[in-house]
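Please go through the strand order and helix packing of this model with me.

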Amino acid sequence: DMEFDLDPCFINTKYECLRPTPLKPKYNQCLVELLEVIEHARELNGEERNALSYRHAIAALKVYPRNIESYAEARKIIGIGPKIGNHIKEFLTTGTIPEAEEINASEKYQTLDIFSRVYGVGYKTARKWYQKGYKSIRECMKDPYLTHVQRLGLELFDDFQKKMSRQDIQEILDILNKVIKTMYPDCMITPVGGYRRGKEFSGDLDVVVSHPQETVANNLLKDIVEILINKGHLKHKLFYGQPSAKNKKDVPSELISSHKNIMDNLDKCFCAFIQPSTQICRQVDLIIAPYSQYPTAVLGWTGSKQFERSIRNFAKKERKMTFASHGLFLNVVPRRRVCVTSEKDVFDILGIPWVEPEMRNC
Ligand code: 8DG
Ligand code: MN
Ligand code: MN
């Protein structure tokens, strides 16, 4: 169990990447859970800005070194303004937040929440389906205007809802390692996402794959997907390709809206993978990185989403640099790539204290 440095300038910052955040907050758990309900409702409602301010406040409360005891104490935290402060006051006096209770009891939010969990469905489509009067996944399947990806997402809904234990993930990783390394022994295969951050249960498996030879890396996605299909592991490709500006037109709009801030130039295939021991379809996100972009790809795909967001903001606003999964760049004209050799290198160049993957859970 790690007790971290309580230096206030380290903890009290608007950049979550500057401080370690463990998986389970020590204090303020109850309050955090209630604020998360409101944050999610804002997202479902399309109030992204508002959701973001909740996320900053939640992240700060997760690392706060004791339980908040007063409104005044809460307001000293960067990211907690009068609105969220008032919710905290409600919590301190009543033990709950009325708005969060209302949301939890609301049939509308329960339905929107379910729809938004469908692969390929963004908050916008979730709201559209709700407005059409659909109440269940079954009803959505009868919608005459479904895209191919939405139909797949609906069909795979039950399987994709099932969380994967670390053992489930290990089973799939073993297969990926065996199949890919038989073809390309020098391939590097790194599990990222929530699994790398130490989560006990994951919604999907995210894997970054690279190869020291750039020419091999160029064909890696095609070769890997082909062999996984041939061996019967891959059931569907949910998304395949490079969602760069060039072929953005071909990306289903739902994918863009649900992955808005996370598009990069790396080759990727989001696929439905059959887990042999359970026969459950699992979402596996395969990301291919050229060797020179391997460190940034691993950093960019480890998450959490808020951790990534804060690195990008920090790089842009404090360093005049751009961080993306496909590289670190100096914002000069023309934009210049900064060479990096490891994940640690990226932290060093940006001047961010090293944060272990298990401590990126903001
Ligand atoms: P879980 O729900 O899968 O258990 O948690 P997670 O692993 O943290 O969430 P995730 O949705 O699988 O996302 C993993 C990380 O990958 C997260 O930090 C955000 C990042 N990410 C995507 N999509 C994309 C993308 O298209 N480009 C880039 N660069 N990053 C992405 O989820
Ligand atoms: Mn994941
Ligand atoms: Mn993923």
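Predicted model: local features only at pLDDT ≥ 70, side-chain atom pairs only at ≥ 80, totals over all residues.

Reader: In what order do the five strands of the open sheet stand?
Author: The pairing in this open sheet is mixed. Neighbouring strands are turned by 25° against each other on average, direction ignored. The order of the five strands is 2-4-7-6-5.

Reader: Which residue of strand 6 stands opposite Tyr240?
Author: Strand 5 and strand 6 (residues 267-274) run antiparallel and are joined by six bridges. The residue of strand 6 opposite Tyr240 is Cys269.

Reader: Is Lys268 buried or exposed?
Author: Lys268 is found in strand 6. Leaving out residues up to four places away in sequence, Lys268 touches Asp285, Leu286, Ile287 and Ile288. A residue is buried if 20 or more other C-beta atoms lie within 10 Å of its own. Because Lys268 has 25 C-beta neighbours inside 10 Å, Lys268 counts as buried.

Reader: How far apart in space are Lys268 and Leu286, C-alpha to C-alpha?
Author: Leu286 is among the residues that Lys268 touches. In sequence the two are 18 residues apart. In space, the C-alpha to C-alpha distance is 5.5 Å.

Reader: At about what angle does helix 16 run to strand 4?
Author: Helix 16 (residues 294-302) lies across strand 2, strand 4 (205-211) and strand 7 (281-290). Its angle to strand 4 is about 175°.

Reader: Are helix 2 and helix 3 roughly parallel or roughly antiparallel to each other?
Author: Helix 2 (residues 29-44) and helix 3 (residues 48-63) pack with their axes 8 Å apart, at an angle of about 165°. Angles over 145 degrees count as roughly antiparallel. Helix 2 and helix 3 are therefore roughly antiparallel.

Reader: How many charged residues does the contact of helix 2 with helix 3 have?
Author: The crossing of these two helices is left-handed. Among the residues making the contact are Leu35 and Glu39 of helix 2 and Tyr54 and Arg55 of helix 3. By class, the contact has nine nonpolar residues and one polar residue, and the charged residues number seven.

Note on methods:
Residues numbered from 1 in each chain as written. Chains lettered and ligands numbered in written order. Pairing = 2+ DSSP bridges. Helix = DSSP H or I, 4+ residues; strand = E, 2+ residues; numbered from the N terminus. Axes fitted to C-alpha atoms, helices over the stretch in contact; angles between N-to-C directions. Contact = placed C-beta atoms within 7 Å. Buried ≥ 20, exposed ≤ 12 C-beta atoms within 10 Å, placed from the backbone. Parallel < 35°, antiparallel > 145°, perpendicular 65-115°, else oblique. Left-handed = near helix turned anticlockwise from the far one by under 90°. Nonpolar A, V, L, I, M, F, W, Y, C, P; charged D, E, K, R; others polar.
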